[in-house]
Amino acid sequence: MKKITLFDGDQEELFAHDYLIKCPNCHENIQLKPSSCVTVSRLTDDTLIEFLPKLKGLKTIEMGDSKFYKVDDLPLRYSHINCQYCDAKYIGIFGLGEYQPSRFIFKMVSLFSTV
Ligand SMILES: [Zn+2]
């Protein structure tokens with residue numbers, strides 16, 4: 001799956017919008033709020049082990065007991081995504097964060113089907 005840049009600009013504007021993700025199953029647009037994307041460290045370990053090795057450009061940063069994940073220098077986040085049109089369920093993996101001072105990027109990295 002090709003990474004898609006959804007936003008590139010300042011932080012305030014980034015969180016002021018919803019974004020559209022095309023459902024790979026029915027091709028309808030699913031609305032997504034960037035604030036619903038939470039850090040990947042909160043995914044349960046089994047899920048992490050299944051999905052993370054499939055990501056291109058993944059970097060793991062270990063700090064003490066914690067692990068942080070980045071793709072293309074952006075902190076990795078995820079969101080559960082349900083398509084209201086065909087009922088498909090996904091875990092969306094995103095890069096979201098400050099790329100350069102005051103420059104925020106929101107990028108869709110991958111979409112994994114969960115059913
Ligand atoms: Zn769908």
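The structure is a predicted model, in which local features need pLDDT of at least 70 and side-chain atom pairs count only at pLDDT 80 or more, while totals for chains, interfaces and linings use all residues. Residues are numbered from 1 along each chain as its sequence is written.

**Overall fold**

- The protein has 2 helices and 9 strands, where helices (H or I, at least four residues) and strands (E, at least two) are DSSP runs numbered from the N terminus.
- Read from the N terminus on, the elements follow the order β-α-β-β-β-α-β-β-β-β-β.
- The C-alpha trace spans about 40 × 35 × 20 Å along the principal axes of the protein.
- The radius of gyration of the protein is 14 Å, which agrees with the value near 13 Å that a compact globule of 115 residues would have; this radius is taken over C-alpha atoms, and the globule rule is 2.2 Å times the number of residues to the power 0.38.
- Among contacts between residues at least 6 apart in sequence, 52% join residues at least 24 apart, a contact being two residues whose C-beta atoms, placed from the backbone, lie within 7 Å.

**Burial and the nonpolar core**

- Of the 115 residues, 21% count as buried; a residue is buried if 20 or more other C-beta atoms lie within 10 Å of its own, exposed if 12 or fewer, and partly exposed in between, with C-beta atoms placed from the backbone.
- The largest nonpolar core holds 22 residues, of which Y78 and F94 touch the most other members; such a core is a set of buried Ala, Val, Leu, Ile, Met, Phe, Trp, Tyr and Cys residues joined through C-beta atoms within 7 Å.
- At least two residues of this core come from each of β3 (29-32), β6 (66-71), β7 (74-82), β8 (89-100) and β9, and the largest share, 6 residues, is supplied by β9.
- Leaving out residues up to four places away in sequence, Y78 touches C37, V38, V40, L43, I91, G92, I93 and F94.

**Two residues compared**

- V109, which lies in strand β9 (residues 103-113), is buried because 25 other C-beta atoms lie within 10 Å.
- Not counting residues up to four places away in sequence, V109 touches K3, L55, V71, I93, F94 and G95.
- F15, which is found in helix α1 (residues 11-15), counts as partly exposed because it has 14 C-beta neighbours inside 10 Å.
- With residues up to four places away in sequence again left out, F15 touches P34 and S35.
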